Amino acid sequence: MPVAERALTVPEGHDPIALKAALKAYAREVGLDVVGVASVAPFLAEKEHLEHRQAAGLGPNPFEYPEVSPRVYPDLLLPGARSIIAAGISYLVPESPSAGGPLRGWLSRYCRGLDYHTVLEDRLEQVAGWLEARVPDVHTLIHVDTGASLDRPIAERAGLGKLGKSTNLIVPRLGTWVFLGEILTDASLPPDEPSTMRVCGNCTRCIDACPTGCISEWQVDANRCIGYVTQMDGPVPPEYRELMGNRLFGCDDCQDVCPYNARPVSGLHPEFAPLPEIGAEPDLLGLLAMSAPEFERVYGPTAAAWRGLEPLQRNSVVALGNSGAPAAFEPLTETLEHRSPLLRAHAAWGLGRLATLRPTLSPGAVEALVGRLAVEDAPEVRLEIGQALAALSAAEDGQERGGQ
Ligand code: B12
Ligand code: SF4
Ligand code: SF4
């Protein structure tokens with residue numbers, strides 16, 4: 001019988017309400033903090049919004065599932081789907097003391113510990129297995145982040161919390177520091193009511209704090225979000241480099257300022273604590289010197305590894321430039337000789353930036369840049385060197401005029 005026509009049975013002696021209650025209790029037992037059930041009704045407001053974004057050229061972001069329909073009609077993903085079990089897991093852990101020193105980067109909280117995709121998927125698999133053991137012939141489909149499902153709107157519909165202006169889901173007691181995932185199923189479970197919590201009001205803290213100004217109420221221009229920029233392939237567009245500061249992967253500014261994150265519960269899941277070998281503030285020079293196999297060993301278990309080593313090294317070079325530390329001068333001049341043109345190009349920018357922050361380093365930076373230009377073949381690197389030299393010359397002119 002086709003799945004859609006089948007009336008799925010529930011365990012003997014259980015009604016759907018009891019089944020849902022038992023499932024939620026089991027989900028908490030396996031380490032999920034919030035669980036709810038959403039209906040599979042089409043996400044029509046989201047459909048309109050996604051289409052509007054596409055028409056305006058604001059989406060889809062390269063990390064989003066490209067087609068709209070499977071995102072908003074859940075039964076296109078799992079034929080006969082009747083319910084979506086939405087789950088969230090808190091990832092906030094108590095902050096460790098700062099590693100200190102200028103040559104340190106910074107990792108967003110979501111990628112400091114074990115990769116949440118693996119952790120959450122494992123737990124959702126246990127819940128799906130629990131359901132499959134009780135409901136004959138049930139089908140399930142698990143999504144965590146990378147699937148077509150709209151994790152946030154599903155979680156909101158399932159009553160897990162409310163979406164804030166920053167677009168992050170705010171969960172009572174846990175704040176926004178919550179990973180989301182879901183199980184689509186053809187088992188019929190009674191949906192939960194969406195939360196009646198009223199959020200945000202007149203607050204605009206996330207909008208005001210965002211380094212690139214990419215948040216407008218309830219939407220983010222994803223291509224301008226530092227969370228995206230730090231993960232993109234290829235060169236970082238120049239206008240974002242200063243704004244990145246020492247961020248190596250992700251950005252937490254809109255969450256750090258959110259009043260719902262003022263006193264959230266933390267430390268529920270030590271698996272999300274920074275891995276001891278990396279910490280929250282990785283050593284920039286260590287990352288620059290790292291080999292690919294070493295990177296796989298050290299960063300492989302985290303969510304910061306999926307783009308590979310080069311984007312993190314590129315971001316380290318940007319962070320060295322932004323550090324303004326004299327100790328960054330030598331590593332940057334050495335990186336001008338790196339075999340990767342991407343790193344050489346960013347090293348040229350980094351030297352220009354460093355010497356703008358520390359004018360005493362300017363003559364040495366000019367010498368290194370001119371020396372490299374004499375032997376550099378890659379047009380993109382030559383261009384960056386030219387721009388760095390022009391920026392330094394403009395800065396010098398400005399100082400001379402200021403000194404007159
Ligand atoms: C692509 C993506 C990104 C992109 C774009 C983010 C964005 N805001 O769209 C980038 C790379 C920038 C990004 C950054 C981050 N991400 Co991200 N990302 C995703 C992903 C894969 C898809 C999101 C998506 O489809 N965006 C498109 C927009 C349109 O959809 P949406 O935000 O899901 O839903 C909004 C719309 O539907 C809108 N909407 C609906 N109808 C209407 C109507 C109107 C008129 C308007 C204005 C809006 C509107 O309301 C919803 C929320 O505001 C999801 C996982 C998933 N599969 O859903 C994770 C996900 C959203 N990301 C997550 C996280 C943790 C982050 C970061 C915090 C990581 C970091 N520290 O750097 C930042 C946060 C930035 C931010 N303020 O959003 C979590 C969020 C958890 C939570 N509690 O909210 C998710 C759910 C991953 C997960 N499974 O846990 N991310
Ligand atoms: S993660 Fe950073 S850049 Fe992205 S929306 Fe939030 S504050 Fe803005
Ligand atoms: S910072 Fe303010 S406006 Fe932004 S999500 Fe939090 S409460 Fe809402």
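Which helices each supply at least two residues of the shell around ligand 2? In this predicted model, they are α7 (226-229) and α9 (253-256).

## Ligand 2

The shell around ligand 2 consists of C210, P211, T212, C214, I215, V220, C225, I226, G227, C251, D253 and C254. Sorted by class, nine of these residues are nonpolar, two are polar and one is charged.

## Ligand 1

Around ligand 1 there are 38 residues, and the closest are D151, T167, A222, G227 and G250. Two or more residues of this shell come from each of α2 (44-55), α5 (151-157), β7 (178-185), β9 (219-220) and α7. Helix α2 gives the largest share, five residues.

By class, the shell around ligand 1 has 19 nonpolar, 12 polar and seven charged residues. G227 belongs to the shell of ligand 1 and also to that of ligand 2.

In soluble globular proteins, nonpolar side chains tend to be buried together. Here the largest nonpolar core has 106 residues, and I84, A86, A87, A348 and L351 have the most contacts inside it. Helix α14 (residues 341-357) provides the largest share of this core, nine residues. The core lies between domain 1 (3-94 + 112-185) and domain 2 (324-404), because both give residues to it.

Leaving aside residues up to four places away in sequence, I84 touches V37, A38, V40, P74, I154, A158, E182 and L184.

Technical notes:
Residues are numbered from 1 along each chain as its sequence is written. Chains are lettered from A and ligands numbered from 1 in the order in which they are written. This is a predicted model: local features need pLDDT of at least 70, side-chain atom pairs count only at pLDDT 80 or more; totals for chains, interfaces and linings use all residues. A residue is near a molecule or strand if its C-beta atom, placed from the backbone, lies within 6 Å of it. Helices (H or I, at least four residues) and strands (E, at least two) are DSSP runs, numbered from the N terminus. Ala, Val, Leu, Ile, Met, Phe, Trp, Tyr, Cys and Pro count as nonpolar, Asp, Glu, Lys and Arg as charged, and the others, Gly among them, as polar. A nonpolar core is a set of buried Ala, Val, Leu, Ile, Met, Phe, Trp, Tyr and Cys residues joined through C-beta atoms within 7 Å. A residue is buried if 20 or more other C-beta atoms lie within 10 Å of its own, exposed if 12 or fewer, and partly exposed in between; C-beta atoms are placed from the backbone. Domain bounds come from an automatic or database domain assignment. Two residues are in contact if their C-beta atoms, placed from the backbone, lie within 7 Å.
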